[in-house]
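Here is a short briefing on how the chains of this model meet. Have the viewer open as you read.

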Amino acid sequence: MNKLAQKYLRPSQIPTKACHGCGIGMIENWLLQAIDELGLKQEDVIFGTGIGCVGRQTFATWGGDNFGATHGRALAVATGLKLAQPDKKYLIVVGDGDAASIGTSHLIHAARRNLGVTVICEDNMGYESTGGQFSPTTPAGYVTNSSPYGMAEPSFDPCDVVKAAGATFVAETTATQWHQTVKIVKKALANDGFSFVHVRFPCNENFGAYALGTRDTLKNLEWIYEHTQGRKADGSETDFTWETGIKHDASNSRPEFSKIMRDMNERVRADMAAKAAAKSARA
Amino acid sequence: MPLFKTDKKPSRGPAGRWDVVVTEDMCKACGFCLAVCPVDVFAWRRAPNKLGWFPMYTEKEENCVGCMLCYQICPDFCIDVAVKEEPAADRGSD
Amino acid sequence: MATLDLASAETLHAPWVEWERRGVKGRRILEAGTYALTEGAIAAGCRVFAGYPITPATDIAEYMSKRLPQVGGYYVQCEDELAGMHACAGASLGGLKAMTATSGPGYTLMHDAYGWSVTNEIPLVVVDAMRVGPISGITGAPGQGEFYVARYCSHGGNFETIVLSPCSVQEAFWLTIDAFNLAERFRTPVTILTDQVVSDMWEDLFVPDDYEALDFVVPRRHNLMMPFYPVGSADIDVAPNVIGHGTGVCVSAYTHTEEGYDIEEMEAQWAQTYRLVNKIRHHRGECTRYETLGFEDAEVVAVAYGANARTVRTGVVEARRRGLRAGFVRPITLWPFIDELYAADRHYVVCELNYDGQLVREVTRAAPDRGKVHFMGKSAELHTVAEVVTALEGVARSGRMPELPYIWTEVR
């Protein structure tokens, strides 16, 4: 396996359980590059994952400490864990279902609190692990296993949600933007606050089969590429284009959650000490 | 610029100076490396690996120009691309 | 002679009997159950509380918000109860003792987090201050509707739980320390079931001055080596796992190996279940706490726990005074269920604060004669002494529960 995988991953869990042509492993390779380029060691980084393809295929691949939370609750666990272990770098690698559907409440409040973690929301635009039902990020009108007449509900971009909630770093890339993703993840990790990196990636088995009509890995990655560029191979426009790049960068501009808590404790205890000193001075 | 190049270009420049290693037992035959490579390095094996896929291998490693696209795109951590270490006899002037 | 010499007829089987005898210096104050639960947690070393306010547990959240920063701990008011218990699990994984407190509607939301904590052997304490049902019922009245829910606190089966229930403010203080100790020793979430009465009432409370000097508090240790999960072993006193020390531990709710990554094999399923069930079943003696009164010669025994145990006990004393050989048993450990308390062949009158009958089903299972187990269910108010006396005398006389208004006697 490649050198970074040897350095950072758990050999018994590689090859991963991901399907062939799935973007999860690609993105994990870029995360390892970002971690390596920042000079981080395995014990400096904690991976938190969830349920669903992204959660389960990533869980336990990291060779260091890592947890796979219940569905949607990785950020809730991270809220407590960060208080106990504030000095580690946290990569919360979750899917669109985990982060933007069942776990949206915790996503919003972690952003509001400016919890010092980096969320990598790997988005395959549906609940692919359960066979390919639509999710809140499935594009309008697309046919999936549970939208056989086309996705009728509007979808949303979780980047908008976290930005409104107060995230201090928000960015979006896709599975055909390796260099950009590595650079952006490095910046995200450098923010002592809530960072959100949204990466769209292809699913061949389910989204590809039902929404795009093919399980061909090249065609499905090309679909991602086209919707990143805004143009198809024949020059015509795509039905929509993803806005990629850094959407909001207020890195290190406001205090991080666990620091707020530690500072409050210091104030309270200094106050108590002052009162105790004044009391014994009077006695 | 297209993502996948069906017509491979001839190798120039830094060709021949790269080690390209594919861990064939981990390959799941997605085909990305062969499709994204701008020159002609990869080919399919004709016998399956332990996972049951027909893996990729570096049929013409000498064509590699070190663009690293295959390394970036492989979803299974199979590929390593590095500059060949020069053998001791070739160093220095003669 | 039916009368009781209370001093000799009573037994209390609990570790705090010995703790109280150690003569630790402290002060006597008048305080509420919620205060005692909070101070007990702080004394046990709890440094994180993550939860959501809900009657009648809200005061615990408020006390914690004030006390934890004073001792270098953290109060996190989460967006909901399930975030709260997950955050507690995260904090405990990181090495800090953690607790949450809620009531029925919030307890229901914690099932997912309970499951995660049980299967990953994460020490935690959860207080459920029960209110009367059905469902949200009456906010400000005591109930005992989560007896089974506390045992079956998550999905999937294949685990045991530890559930304790205090009946006084002082007991709530000591029992909370005990709960934290059991959580550390068994690597499991321990549930404290209280109710609106025990939580809100004010009573005489002794609080030690110096928590650091309490040598009966089990300290948090870190397990830094494989196996992270000694599957196939029922050992207790194994140190809890910790994230953040570079051990490479994996934590997830799936059937897992010693290292913690998920595995889909029957052998692994067996080994992990063996541990989760038997670490508690094989060490039941370590978590058995109960109180009895007049047990030896009783012909009819009243069974109760929590707040209504107090009036039931007074009813037993009164029945004795009137000539009946009545006895009383109060399980403090509800789970693992103490079958031995009901082994004698006599009448049992199970007094519960619910109408659907929960504790009575377990007593029926444990007792030798089903026909001699009687249900005295009441809701929203404690059993009165008169009701208890009437019931005990009625059962002793006719072998059946007498009809009493608003007392439920049927169990199907």
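Which chains does no contact join, and how far apart do their closest C-alpha atoms lie? Those are chain B and chain C, with closest C-alpha atoms 18 Å apart; a contact here means two residues whose C-beta atoms, placed from the backbone, lie within 7 Å. Two pairs of chains are in contact, and chains A and C share the most contacts.

Some ground rules first. This is a predicted model, in which local features need pLDDT of at least 70 and side-chain atom pairs count only at pLDDT 80 or more, while totals for chains, interfaces and linings use all residues. Residues are numbered from 1 along each chain as its sequence is written, and chains are lettered from A and ligands numbered from 1 in the order in which they are written.

**Chain A with chain C**

- This contact draws on 34 residues of chain A and 36 residues of chain C.
- On the side of chain A that touches chain C, two or more residues each come from β2 (66-68), α4 (74-84), α6 (104-113) and α11 (257-282) of chain A; helices (H or I, at least four residues) and strands (E, at least two) are DSSP runs, numbered from the N terminus.
- The most comes from α4(A), with eight residues.
- By class, this side of chain A has 15 nonpolar, 14 polar and five charged residues (nonpolar: Ala, Val, Leu, Ile, Met, Phe, Trp, Tyr, Cys and Pro; charged: Asp, Glu, Lys and Arg; polar: the others, Gly among them).
- β2(A) runs parallel to strand β11 (residues 250-252) of chain C, joined by three bridges; strands pair if DSSP finds at least two bridges between them.
- Within that pairing, A:Phe67 has C:Val251 as its bridge partner.

**Chain A with chain B**

- Here chain A and chain B bring 22 residues each.
- α1 (3-8), α2 (24-37) and α10 (217-229) of chain A each supply at least two residues of the side that touches chain B, and α10(A) gives the most, with five.
- That side of chain A has twelve nonpolar, eight polar and two charged residues.

**A look at α10(A)**

- The 13 residues of α10(A) reach 18 Å from first C-alpha to last, close to the expected 18 Å (1.5 Å times one less than the number of residues).
- Among its buried residues are A:Leu218, A:Leu221, A:Ile224 and A:Tyr225 (buried: 20 or more other C-beta atoms within 10 Å of the residue's own, placed from the backbone).
- The buried residues of α10(A) pack against β5 (169-174), β6 (195-200) and α9 (204-212) of chain A, together with α1 (32-36) of chain B.
- Just after α10(A), A:Gly230 takes a positive phi of about 90 degrees.

Conventions
Buried ≥ 20, exposed ≤ 12 C-beta atoms within 10 Å, placed from the backbone.
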